[in-house]
Amino acid sequence: MYLVANIDVNICAATSCKLCTQYCPEANTILYDEEAGKEKGLKYGAAYVAVDRCKGCAQCVWVCDNMAKHHAIKMEMIDQIEQAALTENIQYKEKTTKAQLTKPVPA
Amino acid sequence: MSLDYMKFTPGFGKFMPKEYRDLVEHGPFGRKVSVSQVGTFKEILEEHPMCAGCAMTLFIRLAMISFPNPEDTITVGTAGCGRLAISQAAIPFVYGNYGDQNGVASGLSRGLRLRFGDRPKDVVVMAGDGGTADIGFAQTLHSWFRKEKFTTIMLDNEVYGNTGGQESGMTNKNQVLKMAPLGKKFEKMDMVGMAKVAGCAYVATVVPNNPRRVESVIKKAVLIAREIGPTYIQAYTSCNIEYAIPTDKVMEDAKNVENDRYRFSEYITDEAKQYLAEVYGYKEYLPKPAQALTKS
């Protein structure tokens with residue numbers, strides 16, 4: 001198993017700095033969902049990780065912890081993540097994206 | 001080299017891979033996107049084999065987002081890590097023999113101008129410090145002396161990272177590397193100074209820890225190269241393998257290096273300023289109103 005980035009929607013949707021999406025070295029990997037968290041009354045959307053593209057460098061963790069100071073991203077073993085986005089389940093829309101979350105590794 | 005080459009042949013769209021369909025329907029072609037919108041549109045850079053956490057990858061990604069007209073852009077590269085990612089983007093990439101990328105780009109740029117006339121077709125060279133300053137040094141400088149109208153971007157990782165860690169002309173003095181165990185004996189080459197002397201209309205040094213600045217620099221360089229003359233960007237893109245930088249500290253290193261010896265700098269000729277102001281509406285380069293005379 002290997003580590004991938006996992007973003008806490010509750011923290012991210014309350015702040016929405018989008019820094020991790022700008023600093024990720026991999027394209028189309030940290031994406032943004034304008035609607036995420038709004039069902040919980042959180043103000044903004046949230047970033048999420050297409051875990052099949054994440055190389056596990058943890059640059060986003062440094063950026064979130066030290067530049068944004070939001071501490072919303074943790075590196076987690078991919079088989080420990082319950083719900084994650086895979087590229088094949090990501091839908092691009094006019095000004096946002098939407099991912100259907102699934103268990104990334106079959107149990 | 002046009003929006004049409006991205007479109008599906010009628011009836012074939014449903015057979016195309018999802019990534020391709022996303023790119024055609026939600027990519028940056030034919031519309032303006034910016035770094036601040038990243039994560040909400042399909043980027044032209046695809047998956048590639050470059051190392052995890054590579055700052056060069058981040059810079060290339062930001063550059064691809066920043067091209068003013070990606071559908072009218074051709075990249076030219078040469079041997080080195082960067083070409084592993086640059087070649088995996090949905091814009092044409094020409095791979096020159098080691099060091100001849102600026103010669104290839106010269107012919108390409110001239111040919112495109114003959115073929116397409118006034119319609120802007122941007123040629124952007126992206127090569128490493130070895131390809132630009134060492135092995136390709138003569139061709140790089142001569143393209144500048146000839147005032148060839150294209151952008152040269154040096155991905156400066158200050159080492160030959162692909163071949164085990166030999167020193168390059170851009171390595172800092174006294175730097176010890178795997179294949180330079182006694183440390184480099186000479187100073188880092190002043191390519192920025194040479195670019196100015198050789199007649200580049202726009203020269204900038206930049207570090208990828210400020211994405212919006214990278215975007216601004218790339219846009220200016222590409223636009224100026226359309227009409228005014230050669231432009232040069234020198235980007236610090238650390239090699240976290242050869243310099244043993246933990247991947248989660250790459251941006252911390254970039255920040256430290258920027259504060260220490262790789263400060264942002266920008267040189268732009270008056271002609272280029274006037275061009276950006278008049279043709280592309282850059283307010284920062286509009287003539288300042290004359291100061292009101294103060295009564296003594």
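Trainee: Let's start with the strands: in S4(B), what is the bridge partner of Ala127(B)?

Mentor: Keep in mind that this is a predicted model. Strand S3 (residues 122–128) of chain B pairs with S4(B) in the parallel sense, over five bridges. Looking across to S4(B) from Ala127(B), the bridge partner is Met154(B).

Trainee: And on S6(B), which residue is the bridge partner of Asp156(B)?

Mentor: S4(B) also pairs with S6(B), again in the parallel sense. That pairing runs over six bridges. In S6(B), the partner of Asp156(B) is Tyr236(B).

Trainee: How many of the six residues of strand S4 of chain B are buried?

Mentor: Take the two directions in turn. Thr151(B), Ile153(B) and Leu155(B) point one way, Thr152(B), Met154(B) and Asp156(B) point the other way, and all are buried. In a regular strand the side chains alternate between the two faces of the sheet. S4(B), residues 151–156, is largely enclosed by the rest of the structure, because the buried count is six of six.

Trainee: Back to Tyr236(B): what is the angle between the planes in its aromatic pair with Tyr262(B)?

Mentor: A pair of aromatic rings is described by the distance of the centres and the angle of the planes. There are seven aromatic pairs over all chains. Tyr236(B) and Tyr262(B) form one that is tilted, 5.4 Å centre to centre, and the angle between the planes is 45 degrees.

Trainee: Helix H3 of chain A next: how many of its ten residues are buried?

Mentor: Its buried residues are Gln59(A), Cys60(A), Val61(A), Trp62(A), Val63(A), Cys64(A) and Ala68(A). Cover comes from both chains, including strand S1 (3–7) of chain A and helix H9 (250–260) of chain B. H3(A) spans residues 59–68 and is mostly covered, with the buried count at seven.

Trainee: How many disulfides does the structure hold?

Mentor: Check the cysteines against the cut-off, sulfur atoms within 2.5 Å. For Cys17(A), the nearest cysteine sulfur is that of Cys64(A), 6.0 Å away. For Cys54(A), the nearest is that of Cys60(A), at 6.3 Å. Over all chains, the number of disulfides is zero.

Trainee: Last one: over the ring of which residue does the charged end of Lys121(B) sit?

Mentor: The charged end is 4.5 Å from the ring centre. Arg115(B) lies over the face of that ring too, at 4.5 Å from the centre. The ring in question belongs to Phe116(B).

Conventions: Residues numbered from 1 in each chain as written. Chains lettered and ligands numbered in written order. Predicted model: local features only at pLDDT ≥ 70, side-chain atom pairs only at ≥ 80, totals over all residues. Heavy atoms only, no water. Buried < 20%, exposed > 50% of the residue type's maximum accessible area, 1.4 Å probe, protein only. Helix = DSSP H or I, 4+ residues; strand = E, 2+ residues; numbered from the N terminus. Contact = heavy atoms within 4.5 Å. Phe/Tyr/Trp six-rings, centres within 6.5 Å; stacked < 30°, edge-to-face > 60°. Lys NZ or Arg CZ within 6 Å of the ring centre and 35° of its normal. Pairing = 2+ DSSP bridges.
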